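The following exercises are to be worked with the sequence and the coordinates at hand. Each task is followed by a solution in steps.

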Amino acid sequence: MQNDVYDYTSGSAVQKNTVLQKTYRLLGLSFIPAIAGAFISGKMGFSIYNVFGGGWMATIAFFVFFYAMVFMIEKNRYSNTGVTLLMAFTFGMGVLISPLLQYALGMSNGAQIVGITAAMTAAVFFTMSAMARRTNLNMSSLSRFLTVGAVILMIAVVANLFMQIPALSLTISAGFVLFSSLLIMFQVRQVIDGGEDSHISAALTIFISLYNIFSSLLHILLSFGGDD
């Protein structure tokens, strides 16, 4: 039997509020191993592209890690094991984004760009979280839109692996910013409405969304403002 990490009165307003509070606390905690992973990887000069020789093998390794960890976290979404797996996942994601960060910080104005990206990402999170509490949007329609958007984005990502078109790459990044922003609002609203009762799953979804927003914005800003 799994070790339940919370015990609420089912369906109550107290439960929903508690899940949301725990989601935010766990989300904040999840960035500690992510930052540690990026820092350690940067110091060691580790890059998944160097390990796997770049190209398809590195991409396959990334997707295997990503989806395997997400699957295991969701399987343990009501247990302390899920929290541990989430921390391991965010550490790994920190390691994976480290090469992009090191590339950015290697530029003369790189630190400024990274700082602006982080501030913009935080602004998106707080804005979408606030909107989730006040929105009158039809969540069913938004869910369908997000599903279609996810499929389109994945097709575009795979297509760009073959074509390597800079303009398409920037378009995909912009698409991820929009998609992930809406996903944050959707996920927070799901918790508020009682559609999500696991703070582990909610924190996982929001972390991935913020990760995508940060990396996509960084890509865009580096493309347009990477030089003095």
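**Exercise 1.** Which residues does Pro 33 touch, not counting residues up to four places away in sequence? Determine also whether Pro 33 is buried or exposed.

*Solution.* The model is a predicted one.
- Step 1. Locate the residue: Pro 33 belongs to helix α1, which covers residues 13–44.
- Step 2. List the contacts, taken as heavy atoms within 4.5 Å. With residues up to four places away left out, Pro 33 touches Met 87, Thr 90 and Phe 91.
- Step 3. Compare sequence and space for one of these pairs: Pro 33 and Phe 91 are separated by 58 residues in sequence, yet their C-alpha atoms are 4.5 Å apart.
- Step 4. Apply the burial cut-off of under 20% relative accessible area. The relative accessible area of Pro 33 is 14%, so Pro 33 is buried.

**Exercise 2.** Where does UniProt place the feature "transmembrane region", and what is the helix content of residues 26–49 and of residues 142–162?

*Solution.* 
- Step 1. The unreviewed UniProt entry places this feature at residues 26–49, 55–73, 85–105, 111–130, 142–162, 168–188 and 200–222.
- Step 2. Residues 26–49 are 88% helix and 0% strand, with the end C-alpha atoms 30 Å apart.
- Step 3. Residues 142–162 are 100% helix and 0% strand, and here the end C-alpha atoms lie 31 Å apart.
- Step 4. For the protein as a whole, the secondary structure comes to eight helices and zero strands, in the order α-α-α-α-α-α-α-α along the sequence.

**Exercise 3.** Why does the radius of gyration of the protein agree with that of a compact globule? Describe its extent, contacts and surface as well.

*Solution.* 
- Step 1. A compact globule of 228 residues would have a radius of gyration near 17 Å; the protein has 18 Å, which therefore agrees.
- Step 2. The C-alpha trace spans about 55 × 35 × 30 Å along its principal axes.
- Step 3. Of the contacts with a separation of 6 or more, 80% join residues 24 or more positions apart.
- Step 4. Buried residues account for 46% of the 228 residues. The protein exposes about 11900 Å², of which carbon and sulfur atoms supply 67%.
- Step 5. The 10 positive and 8 negative charges have mean positions 6 Å apart.

Terms used. Residues numbered from 1 in each chain as written. Predicted model: local features only at pLDDT ≥ 70, side-chain atom pairs only at ≥ 80, totals over all residues. Heavy atoms only, no water. UniProt positions renumbered as here; feature names shortened; annotations may be inferred. Helix = DSSP H or I, 4+ residues; strand = E, 2+ residues; numbered from the N terminus. Rg over C-alpha atoms; globule rule 2.2 N^0.38 Å. Buried < 20%, exposed > 50% of the residue type's maximum accessible area, 1.4 Å probe, protein only. Areas by Shrake-Rupley, 256 points an atom, 1.4 Å probe, with all protein chains shown as cover. Lys, Arg positive; Asp, Glu negative; His and termini not counted. Charge placed at Lys NZ, Arg CZ, Asp CG, Glu CD.
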